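Colleague: I have a model open and would like to learn how to read its features. Please take me through them.

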Amino acid sequence: MALRHALLTLLADESLSGYDLVQYFDGAVGFVWHATHPQIYRELERLRREKLVSGHLVRQTGRPNKTVYSLTAKGRRELLDWAATPAPPRMVKDSAFLRAFSYGRIDPDVAGARLIEDETSHAERLAHFRK
């Protein structure tokens, strides 16, 4: 998945400012796709040039003006084509999974503590996704 598809997905149901999109990446979306603020704004500009999104300036009083982005018909077609295309097999790199292969070589109490920490972390992520 490319950042462009993450942005198109977020814009599929509502118009959002760059700031709004950054907030999504700093929150819920960050669990599945990471992007920095500059990456997001650069990609929004590319999407605008390719006419996949449109942006309109919103003038604000007492705050900086902002651009609100919306998906165009062309952008929606690209998103739907991408969503309908089979995803390539995923290679998961997770140090916790790899580390678990060595738990039989360390103190059982330490290994058990690490497993409990991992379980707690996954339960917290699951609760966040369910929200």
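Modeller: We will go through confidence, elements, the sheet, a pocket, overall shape and some single residues.

Colleague: What is the average pLDDT of the protein chain?

Modeller: pLDDT is the predictor's confidence in each residue, from 0 to 100. The protein chain averages 90, and 98% of the residues score at least 70. Since this is a predicted model, local features need pLDDT of at least 70 and side-chain atom pairs count only at pLDDT 80 or more, while totals for chains, interfaces and linings use all residues. Residues are numbered from 1 along each chain as its sequence is written, and side-chain values use heavy atoms, with hydrogens and water left out.

Colleague: Which element has the lowest mean pLDDT, and which the highest?

Modeller: Elements here are DSSP runs numbered from the N terminus: helices (H or I, at least four residues) and strands (E, at least two). Helix α5 (residues 95-100) has the lowest mean pLDDT, 84. The highest, 96, belongs to helix α4 (residues 73-84).

Colleague: How many helices and strands are there in the protein chain?

Modeller: The protein chain has 6 helices and 3 strands. Read from the N terminus, their order is α-β-α-α-β-β-α-α-α.

Colleague: What is the order of the strands in the sheet?

Modeller: In general, strands of a sheet pair through backbone hydrogen bonds, either parallel or antiparallel. Two strands count as paired if DSSP finds at least two bridges between them. In this model the 3 strands form an open sheet in the order β1-β3-β2, and the pairing is antiparallel. β1 (16-17) and β2 (53-58) stand at the edges with a single partner strand each, so one side of each has no neighbour in the sheet.

Colleague: Over how many bridges do β1 and β3 pair, and over how many do β2 and β3?

Modeller: β1 and strand β3 (residues 66-71) pair over 2 bridges. Leu16 has Tyr69 of β3 as its bridge partner. β2 and β3 pair over 6 bridges, and there the partner of Leu57 in β3 is Thr67.

Colleague: What is the volume of the second largest pocket?

Modeller: The general idea is that rolling a probe the size of a water molecule over the atoms shows where empty space is left. On a 1 Å grid over the protein atoms alone, a cavity is a set of points where a 1.4 Å probe fits but cannot get out; a pocket is an open set with protein on both sides within 12 Å along at least five of seven lines. Grid points are joined across faces, edges and corners, and a volume is the space filled by probe spheres set on the points. For the second largest pocket the volume is about 230 Å³.

Colleague: Which residues line the second largest pocket?

Modeller: A lining residue has an atom within 4 Å of a point. Among them are Tyr19, Asp20, Tyr41, Arg63, Lys66 and Tyr69. α2 (18-26) and β3 each supply at least two residues of this lining. The lining divides into 4 nonpolar, 5 polar and 3 charged residues. In that count Ala, Val, Leu, Ile, Met, Phe, Trp, Tyr, Cys and Pro are nonpolar, Asp, Glu, Lys and Arg are charged, and the others, Gly among them, are polar.

Colleague: What radius of gyration does the protein chain have?

Modeller: The radius of gyration is taken over C-alpha atoms, and the globule rule is 2.2 Å times the number of residues to the power 0.38. A compact globule of 131 residues would come out near 14 Å, but the protein chain has 20 Å. Its C-alpha trace spans about 60 × 40 × 25 Å along the principal axes.

Colleague: Is Ala12 buried or exposed?

Modeller: Buried means under 20% relative accessible area, exposed over 50%, and partly exposed in between (1.4 Å probe, protein chains only). Ala12, in the loop between α1 (3-11) and β1, is buried because its relative accessible area is 16%. Of the 131 residues of the protein chain, 25% count as buried.

Colleague: Where is Lys51 found?

Modeller: Lys51 is in the loop between α3 (37-49) and β2. Its relative accessibility is 57%, so Lys51 counts as exposed. Phi of Lys51 is near 60°, a positive value in a residue other than glycine.
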